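Trainee: I have a model open and would like to go through it. Can you take my questions as they come?

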Amino acid sequence: QLQAYGGGLVQAGGSRRLTCSASGRAFINYTVAWFRQAPGKEREFVSAVKYGVGTTYYDDFVKGRFTISRDNDKRTVYLQMNSLQPEDTAVYYCAATDRGTVYSRPSYHYWGQGTQVTVSS
């Protein structure tokens, strides 16, 4: 089970940190990702951190601005978002999988409830 939180209202250029908390001892064996969905758009991949060595992945539109990290002891994944822009406004979801393509939404079996991030200009 995943729980995402930390969203809110932030001004353009500001920062926000999202947290995804997981239950279950198998957390360390899962890749955890963040997706986002803006109104009227499809849910899109943002970033992921793999199990094991913790390789990270980012989509081009967040590379250099967002940083994903994980703390296996706390069963938590963070998404630090800097230099936020109005285009980053969306509901952010965390998701987990133990197989499949990192960037592919259908690969993920477990989803959190989403947290709204709104960036004002």
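This is a predicted model: local features need pLDDT of at least 70, side-chain atom pairs count only at pLDDT 80 or more; totals for chains, interfaces and linings use all residues.

Trainee: Fine. How many disulfides does a search of the whole structure find?

Mentor: The search finds one. That disulfide joins Cys20 to Cys94, with an S to S distance of 2.2 Å.

Trainee: Which strands do Cys20 and Cys94 lie in?

Mentor: Cys20 is in strand β3 (residues 16-22) and Cys94 is in strand β9, so the pair ties together parts that are 74 residues apart in sequence.

Trainee: Are Cys20 and Cys94 buried or exposed?

Mentor: Both Cys20 and Cys94 are buried.

Trainee: And why is the disulfide called right-handed?

Mentor: Because the torsion about the S-S bond of Cys20 and Cys94 is about 70 degrees.

Trainee: Changing topic. Which residues of β11 are on the covered face, and which on the uncovered one?

Mentor: Strand β11 covers residues 115-120. Thr115, Val117 and Val119 make up the covered face, while Gln116, Thr118 and Ser120 make up the uncovered one. In a regular strand, side chains alternate between the two faces of the sheet.

Trainee: In what sense does β11 pair with β2?

Mentor: Strand β2 (residues 8-11) pairs with β11 in the parallel sense, over four bridges. Within that pairing, Gly8 has Val117 as its bridge partner in β11.

Trainee: What about β9 and β11?

Mentor: Strand β9 (residues 90-97) pairs with β11 in the antiparallel sense, over three bridges. Here the bridge partner of Tyr92 in β11 is Thr115.

Terms used: Residues are numbered from 1 along each chain as its sequence is written. Side-chain values use heavy atoms; hydrogens and water are left out. Buried means under 20% relative accessible area, exposed over 50%, partly exposed in between (1.4 Å probe, protein chains only). Helices (H or I, at least four residues) and strands (E, at least two) are DSSP runs, numbered from the N terminus. Two strands pair if DSSP finds at least two bridges between them. A disulfide is a pair of cysteine sulfur atoms within 2.5 Å.
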